Amino acid sequence: MLEIENLSAWYGEAQALREATLSVGAGEVVTLVGRNGAGKTTLVRCLMGLHRHLTGSVWLDGRDITSLPAHRRARAGLGWVQDDRGIFANLSVEENLLLPPRVSESAWTLEQVYDAFPALGIRRRAGGTTLSGGEQQMLAVARVLRTGARVLLLDEPSEGLAPVIVAQIGEIVRTAKQSGIGVLLIEQNVRFAATVADRHYLLAQGRLVESLDNDEFVERQDELL
Ligand code: ATP
């Protein structure tokens with residue numbers, strides 16, 4: 001579904017990514033794990049069309065999207081759940097859910113959202129920022145599902161959140177997976193990654209050094225911390 005082939009990226013002369021090749025299938029959760037400076041943010045920026053100094057290619061559902069600008073990638077079905085969650089404070093939960101443009105037939109209806117995330121249904125008239133951290137993540141993901149994105153890109157969703165909320169995020173990711181969406185999760189939290197993902201890529205100094213299934217990853221998680 002999402003395929004990245006031989007992606008290299010530079011900041012000026014300095015190379016930040018080195019021939020990274022990875023894929024995410026339908027209904028598959030894949031993590032990209034790496035220490036600070038490994039190149040995770042650079043890879044996300046390349047995927048979203050925000051970093052242009054690169055070689056290699058990015059494919060979504062068999063279509064080469066390497067040269068598309070950021071807004072056209074969203075329309076092509078690549079759903080970026082942004083760090084700051086992009087929730088409008090002065091709008092209610094439901095109003096936030098009504099905003100995203102529909103980009104494909106698989107766009108979720110409000111009913112589907114409230115079925116999958118009952119907490120959002122209960123709080124649909126509440127203001128976006130009165131939600132808990134976990135509910136805000138739900139809303140951020142639900143907004144992307146409302147567009148009909150085929151692949152979700154989640155950049156460190158567990159960062160700075162309490163364990164109980166991290167567990168809720170795990171549930172959110174599983175819900176997306178069950179609906180056939182592919183999820184690429186950028187994570188530094190190895191323990192959390194092991195609870196949600198099917199496969200993992202380890203990134204070090206701009207290179208994808210290993211690809212592990214979840215059993216191998218769990219066996220080796222202590223050395224990966
Ligand atoms: P972190 O988790 O700390 O954000 P990361 O894995 O996301 O780390 P990147 O931010 O992608 O890593 O950085 C990869 C490499 O590119 C690092 O060596 C970093 O110093 C370098 N780099 C990142 N942004 C820039 C920039 N704007 N100009 C020059 N070098 C940069």
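Predicted model: local features only at pLDDT ≥ 70, side-chain atom pairs only at ≥ 80, totals over all residues.
Q: Why are α6 and α7 called roughly parallel?
A: Helix α6 packs against helix α7 (residues 163-178) at an angle of about 20 degrees. Angles under 35 degrees count as roughly parallel. That makes α6 roughly parallel to α7. Their axes lie 9 Å apart.

Q: Which residues of α6 and α7 meet?
A: From α6 come G133, G134, E135, Q137, M138 and V141. They meet I165, Q168, I169 and I172 in α7. The residues of this contact divide into 5 nonpolar, 4 polar and 1 charged.

Q: What makes β6 and β10 edge strands of the sheet?
A: The open sheet has 6 strands in the order β6-β7-β8-β3-β9-β10, with mixed pairing. β6 (78-81) and β10 (207-213) each have a single partner strand, so one side of each is left without a neighbour in the sheet. From one strand to the next, the twist averages 20 degrees.

Q: How do you know that β7 and β8 pair, and in which sense?
A: Two strands pair if there are at least two bridges between them. Strand β7 (residues 151-155) and strand β8 (residues 182-187) have 5 bridges, in the parallel sense. So β7 and β8 meet the cut-off of at least two. L154 stands opposite L185 in β8.

Q: Where does α6 touch the sheet?
A: Helix α6 (residues 133-147) packs on the sheet and touches β6 and β7. The direction of α6 makes about 165 degrees with that of β6.

Key. Residues numbered from 1 in each chain as written. Heavy atoms only, no water. Helix = DSSP H or I, 4+ residues; strand = E, 2+ residues; numbered from the N terminus. Axes fitted to C-alpha atoms, helices over the stretch in contact; angles between N-to-C directions. Contact = heavy atoms within 4.5 Å. Parallel < 35°, antiparallel > 145°, perpendicular 65-115°, else oblique. Nonpolar A, V, L, I, M, F, W, Y, C, P; charged D, E, K, R; others polar.
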